[in-house]
Amino acid sequence: MTLLQFGFLIYPGVIQLDVTGAYQVLAFPPNTQVHLIWKTLDPIVSNEGLTLIPTTTLIDCPPLDAICVPGGGMGQVEIMRDPEILNFLKQQGTTAQYVTSICTGSMILAAAGLLQGYKATCHWAFREQLAMLGIEVVPQRVQIDRNRVTGTGVTSGIDLGLTLLGLLCGEDMAKMTQLMLEYSPEPPFDAGTPETAGERVSQSLMQFGKPLLEAFLAQTKETAAHMELKS
């Protein structure tokens, strides 16, 4: 079987489940190799305090069949304006079969110019910001537009991983992986979207996350202005 190369960009402040949920899925088939990519091989600390160890660097990363960009906390702000990262994504995006993201990772792809002209999705709280970067945003759990595949919030990484397996390894392998994971969610609360959580809970979360939302908005405006200057 052809060995498929999957790569996750990781960085200080990355959301660990954005990475590890999809990683768990994509690592299951015997013909996949999954890379954790950063500038160096030094350990990084996720937004939640989990230490992740890169397996390859930007320079040494092989051509990927699919590249995945996860979202992050405050650390994502730096990534959205890092030319080394954005150039790496552009380079891999020209050859990868699929260019993908989870949660607010789609905003990084947009900053790299890899989502303009495509429909995409992201975490519900950041849809307006993604649209500010010239993206047609749709509220799909996993959105496929040609070879761009984007997921909504953190847990959509599992769905995105299974979607990629279906596209690259076939439906049977994707189903076997889902069965192996016993992925049959029955959450204790029906509160996974603003519509089901209700106004009170949604507003409480927005207030809790206000510093992050404001920091992202400032960077989104800066990125949008920069892209307009180049157009």
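Trp38 has Thr57 in S5 as its bridge partner. This pairing belongs to a predicted model, in which strand S2 (residues 32–38) and S5 run parallel and are joined by 2 bridges. The points below cover the sheet, the aromatic pairs and a surface patch.

**Sheet**
- The sheet is open and made of 7 strands, with mixed pairing and the order S5-S2-S1-S6-S7-S11-S10.
- Strand S5 (56–57) and strand S10 (142–145) each have a single partner strand and stand at the edges, so one side of each lacks a neighbour in the sheet.
- Strands of a sheet pair through backbone hydrogen bonds, which may be parallel or antiparallel in arrangement.

**Aromatic pairs**
- The count of aromatic pairs comes to 2.
- Phe126 and Phe216 form a tilted aromatic pair, with 5.0 Å from centre to centre and 50° between the planes.
- Phe126 is in the loop between strand S8 (119–120) and helix H5 (127–132), and Phe216 is in helix H10 (residues 210–230), so the pair ties together parts 90 residues apart in sequence.
- Phe126 counts as buried because its relative accessibility is 7%, under the 20% cut-off.
- Phe216 also counts as buried, with a relative accessibility of 1%.

**Surface patch**
- A nonpolar patch on the surface is formed by Phe28, Met176 and Met180, which together have about 270 Å² of accessible area.
- Met176, one of these residues, is in helix H7 (residues 171–181).
- The relative accessible area of Met176 is 46%, so this residue is partly exposed; that class lies between the 20% and 50% cut-offs.

Terms used. Residues are numbered from 1 along each chain as its sequence is written. This is a predicted model: local features need pLDDT of at least 70, side-chain atom pairs count only at pLDDT 80 or more; totals for chains, interfaces and linings use all residues. Side-chain values use heavy atoms; hydrogens and water are left out. Patches are made of residues with over 30% relative accessible area and no salt bridge: like charges are joined within 9 Å, nonpolar side chains (Val, Leu, Ile, Met, Phe, Trp, Tyr) within 5 Å. Accessible areas come from the Shrake-Rupley method with a 1.4 Å probe; for residues, only the protein chains shown count as cover. A salt bridge is a side-chain nitrogen of Lys or Arg within 4 Å of a carboxyl oxygen of Asp or Glu. Helices (H or I, at least four residues) and strands (E, at least two) are DSSP runs, numbered from the N terminus. Buried means under 20% relative accessible area, exposed over 50%, partly exposed in between (1.4 Å probe, protein chains only). Rings of Phe, Tyr and Trp (its six-membered ring) pair if their centres lie within 6.5 Å; planes under 30 degrees apart count as stacked, over 60 as edge-to-face and the rest as tilted. Two strands pair if DSSP finds at least two bridges between them.
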